[in-house]
Amino acid sequence: MKDEVARALLVQLTNTPDLHAYAARAMFRSLSANGDSASPILVCTAVWVIGEYGEMLLPELGGPLLPGEAPLPVSEADVSAGPRDSGSGTWRGHGLWPYG
């Protein structure tokens, strides 16, 4: 992902409140599944989105799920700890997730 694309995505997300909850869930899932192999700009973008809209990851605060989208079973502790990568800690090693 290029810097310009990430910037445009963040501007679009900021201006479209209906996407906040979905974006937080999508970025959390992405980092959980691919955190150790994700590009640095994707990691930075995901961490920003989760930082801004992370409370919407919680089932009682999140927006409506898309048709066919599975609920994201997370707790406040999960959101504070950040997504779990597959063990290498690559993105955490860059100091992008302060609570993990």
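1. A quick word on terms before we start: a residue is called buried under 20% relative accessible area, exposed over 50%, and partly exposed in between, using a 1.4 Å probe and protein chains only. Helices (H or I, at least four residues) and strands (E, at least two) are DSSP runs, numbered from the N terminus. With that in hand, helix H2 (residues 20–34) has His-20, Ala-21, Ala-23, Ala-24, Arg-25, Met-27, Phe-28 and Leu-31 buried.

2. Please keep in mind that this is a predicted model, where local features need pLDDT of at least 70 and side-chain atom pairs count only at pLDDT 80 or more, while totals for chains, interfaces and linings use all residues. Residues are numbered from 1 along each chain as its sequence is written, and side-chain values use heavy atoms, with hydrogens and water left out.

3. On confidence: pLDDT is the predictor's confidence in each residue, from 0 to 100. The protein averages 79, and 79% of the residues score at least 70. Among the elements, H1 has the highest mean pLDDT (92) and helix H5 (residues 90–93) the lowest (46). Over residues 85–100 the pLDDT is below 50, and this stretch has 37 contacts in the model beyond near neighbours in sequence; a contact means heavy atoms within 4.5 Å.

4. Now the overall fold. The protein has five helices and zero strands, giving the pattern α-α-α-α-α along the sequence. Of its 100 residues, 33% are buried. Among contacts between residues at least 6 apart in sequence, 59% join residues at least 24 apart.

5. The expected span of a helix is 1.5 Å times one less than its number of residues.

6. Which residues have the most contacts inside the largest nonpolar core? They are Phe-28, Leu-31, Val-49, Ile-50, Leu-57 and Val-74, in a core of 19 residues. H1, H2 and helix H3 (40–53) each supply at least two residues of this core, and the largest share, six residues, comes from H3. A nonpolar core here is a set of buried Ala, Val, Leu, Ile, Met, Phe, Trp, Tyr and Cys residues joined through side-chain atoms within 4.5 Å.

7. Val-49 is worth a look on your screen. Leaving out residues up to four places away in sequence, Val-49 touches Leu-10, Leu-13, Ala-23, Ala-24, Met-27 and Gly-54. Leu-10, found in helix H1 (residues 3–14), is 39 residues from Val-49 in sequence, yet their C-alpha atoms are 7.8 Å apart in space. Leu-10 counts as buried because its relative accessible area is 19%.

8. Is Glu-69 buried or exposed? Glu-69 is buried, with a relative accessible area of 14%, and lies in the loop between H3 and helix H4 (76–81). A polar contact of 2.7 Å joins the side chains of Glu-69 and Arg-25. Such a contact is a pair of N or O atoms within 3.5 Å; within protein, one must be able to donate a hydrogen and the other to accept it, and residues adjacent in sequence count only if both atoms are side-chain atoms. Not counting residues up to four places away in sequence, Glu-69 touches Tyr-22, Arg-25 and Arg-29.
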